[in-house]
Amino acid sequence: MRDVMIRFVVALGLLAGTALPTFAAEKIVVFAAASMKDVIDTAAEKFKAENGSEVTASYASSSVLAKQIEAGAPAGIFISADLDWMDYVQERKLIDNDSRAVIAGNALVIAGAKDAKPAEAAEILKAGRFSMGDPSNVPAGKYGKAALEKLGIWGDVSANAVFAENVRVALQYVSRGEVTAGIVYASDRAQVPELTEVYRFPASSHAPILYPAALVGTPDGNAQSGAKAFLAFLRSDAGQAIIADKGFVPAADAK
């Protein structure tokens with residue numbers, strides 16, 4: 001009996017010894033739309049300073065991230081640049097539905113070189129090649145095509161479009177001078193001072209640009225506690241202040 005008790009105590013000790021480091025080493029993995037990079041990088045630094053928890057982020061088009069989550073990628077939080085791709089993972093029961101919430105909004109603009117002059121969209125986009133997200137799967141591209149169709153100029157300018165895998169790549173094409181202009185989010189343009197906003201699409205020309213975020217997993221415990229804390233931070237006053245500072249629309253004002 002004494003030997004059995006000793007083995008039981010040793011087993012408990014081993015379990016305790018392995019459980020604590022695993023919890024302490026928990027990393028918060030965020031899959032976020034490429035346009036959210038500046039927000040998440042800054043928020044991760046502030047969150048770590050306050051809580052000691054490390055946040056690791058993967059940035060890509062919302063469609064790519066959604067498919068990776070569907071394939072089993074170990075994300076704790078998913079932040080999409082539109083509602084459709086969040087709906088995609090929700091329909092497949094890959095997120096905690098109760099955790100889903102819009103954390104930011106955005107506007108759509110045309111970015112040009114530093115010395116470029118503001119003008120109408122048709123004039124800018126007819127003048128040369130321009131970049132935009134691929135409308136077949138990139139949210140920024142979908143918004144852009146919808147806006148150009150609403151303005152009645154898609155047929156006139158589409159031949160000049162250079163499709164990019166995400167909005168950040170579209171912005172890089174403009175920065176490198178490979179195209180004369182790019183259809184990007186206002187928040188992205190704001191982070192590149194050498195580029196100028198030469199046109200802002202009317203909000204009525206496209207669907208509202210909203211960023212829903214949710215915990216990946218189900219409420220039965222699959223979602224990490226650290227991920228819950230970081231998502232709560234993004235929704236807090238401190239997180240929303242970062243979102244506003246990076247050129248996004250805070251959740252309270254996003255429509």
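## Proline 135 and its contacts

Contact here means heavy atoms within 4.5 Å. The model is predicted. In this model, proline 135 touches Gly141, Lys142, Lys145 and Phe163, leaving aside residues up to four places away in sequence.

Proline 135 sits in the loop between E6 and H6. Is this proline buried or exposed? Its relative accessible area is 17%. Buried means under 20%, so proline 135 counts as buried. Its C-alpha atom lies 8.9 Å from that of alanine 146, 11 residues apart along the chain.

## Serine 131 in strand E6

Strand E6 covers residues 130-133 and contains serine 131. Serine 131 has 0% relative accessibility, so it is buried.

What does the side chain of serine 131 reach? The backbone oxygen of alanine 170, at 2.7 Å. Alanine 170 is also among the residues that serine 131 touches, not counting those up to four places away in sequence. Others include Val162, Tyr173, Val174 and Ile183.

## Helix H4

Helix H4 spans residues 83-91. Its buried residues are Trp85, Met86, Tyr88 and Val89. Seen down the axis of H4, they fall within an arc of 150 degrees, so they line one face of the helix. An α-helix has 3.6 residues a turn, so residues three or four places apart point the same way.

The cover over the buried residues of H4 includes helices H3 and H6 and strands E3 and E10.

Aspartate 82 caps the N-terminal end of H4. One of its side-chain oxygens is 3.3 Å from the backbone nitrogen of tryptophan 85. Lysine 93 follows H4, and its phi is positive, near 60 degrees.

Conventions
Residues are numbered from 1 along each chain as its sequence is written. This is a predicted model: local features need pLDDT of at least 70, side-chain atom pairs count only at pLDDT 80 or more; totals for chains, interfaces and linings use all residues. Side-chain values use heavy atoms; hydrogens and water are left out. Helices (H or I, at least four residues) and strands (E, at least two) are DSSP runs, numbered from the N terminus. Buried means under 20% relative accessible area, exposed over 50%, partly exposed in between (1.4 Å probe, protein chains only). A polar contact is a pair of N or O atoms within 3.5 Å; within protein, one must be able to donate a hydrogen and the other to accept it, and residues adjacent in sequence count only if both atoms are side-chain atoms. The arc is that of the directions from the helix axis to the C-beta atoms.
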